[in-house]
Amino acid sequence: MANVNITSGKTRRAQIAGGGFAGLTAAIALRQNGWEVTLHEKSSELRAFGAGIYLWHNGLRVLEALGALDDVLQGSHTPPTYETWMHNKSVSKETFNGLPWRIMTRRHLHDALVSRARAVGVEMRVNSEAVTADPKGRLTLGTGEVLEADLIVGADGVGSKVRDSIGFKQDRWSATDGIIRLIVPRKKEELGDGEWDNTIDMWNFSPRVQRILYSPCNKKELYLGMMAPAADPRGSRVPIDLEVWVEMFPFLEPCLVEAAKLTTARYDKYETTKLDSWTRGKVALVGDAAHAMCPALAQGAGCSMVNAFSLSQDVEAVGSVEDALVEWEKRIRPITDRCQALSADYAANRSLSKGNMFTPAALEAARYDPIRRVYSWPQ
Ligand SMILES: Cc1cc2nc3c(=O)[nH]c(=O)nc-3n(C[C@H](O)[C@H](O)[C@H](O)COP(=O)(O)OP(=O)(O)OC[C@H]3O[C@@H](n4cnc5c(N)ncnc54)[C@H](O)[C@@H]3O)c2cc1C
């Protein structure tokens with residue numbers, strides 16, 4: 001059913017900048033509510049960047065609401081436990097009291113969202129870069145085209161032009177550590193004895209600080225998050241320096257040999273962005289454009305998807321889009337703010353290395369159910 005603007009009598013229209021997880025979520029959710037939606041992606045194709053991703057109860061509930069959950073569950077994996085090792089000895093095994101969580105390749109999640117966006121009728125334009133936005137509801141593209149809309153969504157990532165063209169006040173900083181993220185073949189049968197279906201968060205503090213987050217995505221694909229301080233030239237080198245990684249994690253050698261072959265690997269520092277506000281007039285920022293966070297709690301995309309989905313709920317509930325956006329930020333932002341702060345603290349102190357660190361506070365965002373708007377998973 002069409003979603004009509006009461007003043008103009010026309011179907012309400014949203015212009016969305018960015019075809020990542022946040023932009024696609026907003027696009028599908030608004031379209032499902034009857035909006036006309038155009039999504040602009042500056043790259044020449046709609047594809048995921050990065051390697052693997054963890055989603056928790058909050059993100060999985062969004063996928064359910066979008067009609068994409070079944071697709072995502074096929075070809076992804078929930079490990080029996082999240083295990084933490086220090087110097088190659090197990091220190092904890094966490095199961096989160098049954099809280100749903102899942103690991104997958106980013107490609108898998110992105111493909112499911114793109115296919116759902118197509119199915120519901122989102123217009124998706126590639127090679128379409130947003131360059132400026134205007135709080136009155138105008139989006140200007142790199143071609144010079146100016147598009148009018150009832151709602152503009154800036155989902156254009158950490159370097160957001162939508163955000164910067166409007167001049168939101170922001171703090172941005174990078175953490176000491178960074179990460180190389182790769183997908184390699186599982187090679188489970190070559191790894192020797194061990195519970196290789198688990199997530200294993202392998203920490204080492206000597207002779208160097210190096211961590212591997214071993215994350216099986218499905219029967220064939222393994223996501224390796226290889227963390228080292230930015231100040232360590234060998235740990236942060238790409239393609240990976242096989243010798244330094246095998247020296248520290250010899251039992252993973254078959255996987256590390258595969259990792260060393262990946263010449264397109266990238267080392268990324270952890271970035272945090274904090275804004276004074278996520279909205280201005282008819283413009284809302286979602287995802288990393290609004291709140292890039294350290295990945296310690298694996299919630300950047302989860303929060304992005306919850307916030308984008310919640311936006312689609314609130315523009316239905318409140319009369320004017322401008323008022324709805326203010327209400328939306330007030331309602332949903334505190335969860336993301338707390339998650340972002342704790343993630344930054346965990347990253348700065350390398351807290352996950354202690355094991356058993358998924359406390360109720362650390363799982364707050366994960367436990368949120370955006371459909372019912374409650375914390376549905378008791379601790
Ligand atoms: C190491 C690491 C591990 C992480 N692990 C997890 C995890 O396990 N779980 C989790 O939930 N989160 C995780 N995150 C966070 C997560 O990756 C991000 O929060 C999430 O991908 C943000 O999505 P987004 O759509 O906001 O931004 P992006 O994914 O950056 O998408 C932005 C899109 O906009 C496009 N674009 C950019 N500029 C323009 C423009 N001007 N016009 C049009 N299009 C434009 C880009 O090409 C891109 O397609 C991790 C992050 C890092 C760094």
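Contact means heavy atoms within 4.5 Å. By this criterion, and leaving aside neighbours within four places in sequence, Leu 109 is in contact with Phe 21, Ile 53, Leu 55, Leu 63, Val 72 and Met 104. The model is predicted: local features need pLDDT of at least 70, side-chain atom pairs count only at pLDDT 80 or more, and totals for chains, interfaces and linings use all residues. Residues are numbered from 1 along each chain as its sequence is written, and side-chain values use heavy atoms, with hydrogens and water left out.

**Nonpolar cores**
- A nonpolar core is a set of buried (under 20% relative accessible area, 1.4 Å probe, protein chains only) Ala, Val, Leu, Ile, Met, Phe, Trp, Tyr and Cys residues joined through side-chain atoms within 4.5 Å.
- The largest such core has 99 residues, and those with the most contacts inside it are Ile 16, Trp 56, Leu 63, Leu 109 and Leu 113.
- Helix H10 (residues 321–349; a DSSP run of H or I, at least four residues) supplies the largest share of this core, 9 residues.
- Apart from it lies another core of 26 residues, including Leu 191 and Cys 255.

**Open sheet**
- In the order S5-S4-S13-S14-S15-S12-S16, 7 strands (DSSP runs of E, at least two residues) form an open sheet with mixed pairing, where pairing requires at least two DSSP bridges between two strands.
- Strands S5 (89–94) and S16 (267–275) stand at the edges with a single partner strand each, so one side of each is left without a neighbour in the sheet.
- Strands S13 (residues 199–204) and S14 (residues 210–216) pair in the antiparallel sense over 5 bridges.
- Trp 203 stands opposite Arg 211 in S14.

Notes
Buried means under 20% relative accessible area, exposed over 50%, partly exposed in between (1.4 Å probe, protein chains only).
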